[in-house]
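Take a look at the fold before reading on.

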Amino acid sequence: KTDEASKVYEQLKRDFPESDEAKNAVYARGSTLLQLGRTDDAIKVFDEMFGNAKAFTPAQFYIVGKTMVESKQYPTAIRAFEQATAAEDRGVSEAAHVELAKAHVVMTNWPAAAKPIEELFAKHTNTGFMVEGSFILSRAYAEIAQREAEAMQRDLRFRDAIKWANKARRL
């Protein structure tokens, strides 16, 4: 039955490529494949979105990212959240920055985890994600400091970690 559904999705995409239904069909198809345990096939479907990113909204990429996190497919989630951070809708953009950082935390890529939070705080000093983002930055800077060979840089990163932990505590 999934092959039949795939044919219908493909026909919809071919006959009405710019329709909302066709755009949502890509997500629906990928999500369905995930539910059926066909993760590799789902990732291939979502790759269609990345290959034609302009045809999809940042909000759609955000939903894909959340879906991929639920399936523990963090590299694909990261790609989706990176697309979603460009949203003009502040709610989508801010949430995407935080989710992108959290996906990098799971992958223990600490410099990459810090970057979207730094970008978020630079753009929106009064974000609703200030507490969560501060904790992410504190943890990322502490982890970066532990791996730093040069004493002065290590000290600076630990100070940054403490600063953000204190900021979160005060909020």
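Where is His-124 found? His-124 sits in the loop between helix 7 and helix 8. This is a predicted model, where local features need pLDDT of at least 70, side-chain atom pairs count only at pLDDT 80 or more, and totals for chains, interfaces and linings use all residues. Residues are numbered from 1 along each chain as its sequence is written, and side-chain values use heavy atoms, with hydrogens and water left out.

**The overall picture**

The secondary structure comes to 9 helices and 0 strands. Here helices (H or I, at least four residues) and strands (E, at least two) are DSSP runs, numbered from the N terminus. The C-alpha trace spans about 60 × 30 × 25 Å along its principal axes. Of the 171 residues, 42% are buried; buried means under 20% relative accessible area, exposed over 50%, and partly exposed in between (1.4 Å probe, protein chains only). Among contacts with a separation of 6 or more, 43% are between residues 24 or more positions apart, contact meaning heavy atoms within 4.5 Å.

As for confidence, the mean pLDDT is 91, and 97% of the residues reach 70 or more. (pLDDT is the predictor's confidence in each residue, from 0 to 100.) Helix 1 (residues 2–15) has the lowest mean pLDDT of the elements, 74, while helix 6 has the highest, 98.

**Two helix pairs**

Two packed helices are described by the angle between their axes and the distance between the axes. Axes are lines fitted to C-alpha atoms, for helices over the stretch in contact, and angles run from 0 to 180 degrees between N-to-C directions.

Helix 6 (residues 90–106) packs on helix 7 (residues 110–123) at about 165 degrees, with the axes 7 Å apart. That makes helix 6 roughly antiparallel to helix 7; angles under 35 degrees count as roughly parallel, over 145 as roughly antiparallel, 65 to 115 as roughly perpendicular and the rest as oblique. The crossing of helix 6 and helix 7 is left-handed, a label used if the near helix is turned anticlockwise from the far one by less than a right angle, with right-handed for clockwise. On the helix 6 side, the residues in contact include Val-98, Leu-100 and Ala-101, and helix 7 brings, among others, Trp-110, Ile-117 and Leu-120. By class, this contact has 10 nonpolar, 2 polar and 2 charged residues. For that count, Ala, Val, Leu, Ile, Met, Phe, Trp, Tyr, Cys and Pro are nonpolar, Asp, Glu, Lys and Arg are charged, and the others, Gly among them, are polar.

Helix 8 (residues 130–147) and helix 9 have axes that come within 8 Å and cross at roughly 160 degrees. That makes helix 8 roughly antiparallel to helix 9, and their crossing is left-handed. The class count for the contact of helix 8 with helix 9 is 13 nonpolar, 3 polar and 4 charged residues.

**Helix 5**

Which residues of helix 5 (residues 74–84) are buried? They are Tyr-74, Thr-76, Ala-77, Ile-78, Ala-80, Phe-81 and Ala-84. These buried residues pack against helix 3 (39–51), helix 4 (58–70) and helix 6.

| Residue | Relative accessibility | Class |
|---|---|---|
| His-124 | 13% | buried |
| Arg-154 | 29% | partly exposed |
| Lys-102 | 32% | partly exposed |
| Thr-108 | 51% | exposed |
| Lys-72 | 60% | exposed |

Leaving aside neighbours within four places in sequence, His-124 is in contact with Arg-90 and Glu-94. Lys-102, in helix 6, is in contact with Glu-132 and Ile-136 on that basis. The C-alpha atoms of Lys-102 and Lys-66 are separated by 11 Å, and the two are 36 residues apart along the chain.

Arg-154 belongs to helix 9 (residues 151–170). Not counting residues up to four places away in sequence, Arg-154 touches Ala-145, Glu-148 and Ala-149.

Two loop residues have backbone angles to check. Lys-72, in the loop between helix 4 and helix 5, has a positive phi near 60 degrees without being a glycine. Thr-108, also not a glycine, has a positive phi of about 55 degrees and lies in the loop between helix 6 and helix 7.
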